[in-house]
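Dear colleague,

Please find below the structure that I am handing over to you, with its sequence. My notes on the packing of its helices follow.

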Amino acid sequence: MMTSVDTDLIRVLADPLRLRIVTLLARETLCTTHLVEETGARQTNLSNHLRVLREAGVVETEPCGRYTYYRLCPDVIATLAGQFAELAASARTAAENKRACP
């Protein structure tokens, strides 16, 4: 049985800067300073996007002195990927089904 795709999470990841942040954090744990350097975004803008990602459960924080490090929560991404995989499997089956027009 197919589950529904998490549309709230898709909305969170649909923003280009947030998707870039997620892509960077998939490679390594980074602090805000690193993310500013990598993305070219202003620190306040970046912090707002990181808050959205944190509230959605996509990233976790780790305080380290005066810096905050961010790391990706891979299980959230894996769950979303699984939902899309189920959707694709359903579409393969549905390709053979055609509803007759009235």
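The axes of H2 and H4 come within 10 Å and cross at roughly 75°, where axes are lines fitted to C-alpha atoms, for helices over the stretch in contact, and angles run from 0 to 180 degrees between N-to-C directions. H2 and H4 are therefore roughly perpendicular to each other, a label given to angles of 65 to 115 degrees. From H2, the contact (heavy atoms within 4.5 Å) is made by Leu17, Arg18, Ile21 and Val22, and from H4 by Asn45, Leu46, His49, Leu50, Val52 and Leu53. By class, this contact of H2 with H4 has 7 nonpolar, 2 polar and 1 charged residues. Here Ala, Val, Leu, Ile, Met, Phe, Trp, Tyr, Cys and Pro count as nonpolar, Asp, Glu, Lys and Arg as charged, and the others, Gly among them, as polar.

As to provenance, this is a predicted model, in which local features need pLDDT of at least 70 and side-chain atom pairs count only at pLDDT 80 or more, while totals for chains, interfaces and linings use all residues. Residues are numbered from 1 along each chain as its sequence is written, and side-chain values use heavy atoms, with hydrogens and water left out.

The mean pLDDT (the predictor's confidence in each residue, from 0 to 100) is 91 for the protein, and 96% of its residues reach 70 or more. Confidence is highest in helix H2 (residues 16-27), at a mean of 97, and lowest in helix H5 (residues 74-94), at 89. Helices (H or I, at least four residues) are DSSP runs, numbered from the N terminus.

Helix H3 (residues 32-39) and helix H4 (residues 43-55) have axes that come within 10 Å and cross at roughly 110°. H3 and H4 are therefore roughly perpendicular to each other as well. Thr32, Leu35, Val36 and Thr39 of H3 make the contact with Gln43, Leu46, Ser47 and Leu50 of H4. That contact has 4 nonpolar, 4 polar and no charged residues.

For H2 and H3, the axes come within 11 Å and cross at roughly 115°. Leu17, Arg20, Ile21, Leu24 and Leu25 in H2 meet Leu35, Glu38 and Thr39 in H3. By class, there are 5 nonpolar, 1 polar and 2 charged residues in the contact of H2 with H3.

Finally, the whole structure holds 5 salt bridges, each a side-chain nitrogen of Lys or Arg within 4 Å of a carboxyl oxygen of Asp or Glu. One of them joins Arg11 to Asp8, the closest N and O atoms being 3.2 Å apart. Both residues lie in helix H1 (residues 7-14), 3 residues apart, about one turn of the helix.

Yours sincerely

Terms used
Helices (H or I, at least four residues) and strands (E, at least two) are DSSP runs, numbered from the N terminus. Angles under 35 degrees count as roughly parallel, over 145 as roughly antiparallel, 65 to 115 as roughly perpendicular and the rest as oblique.
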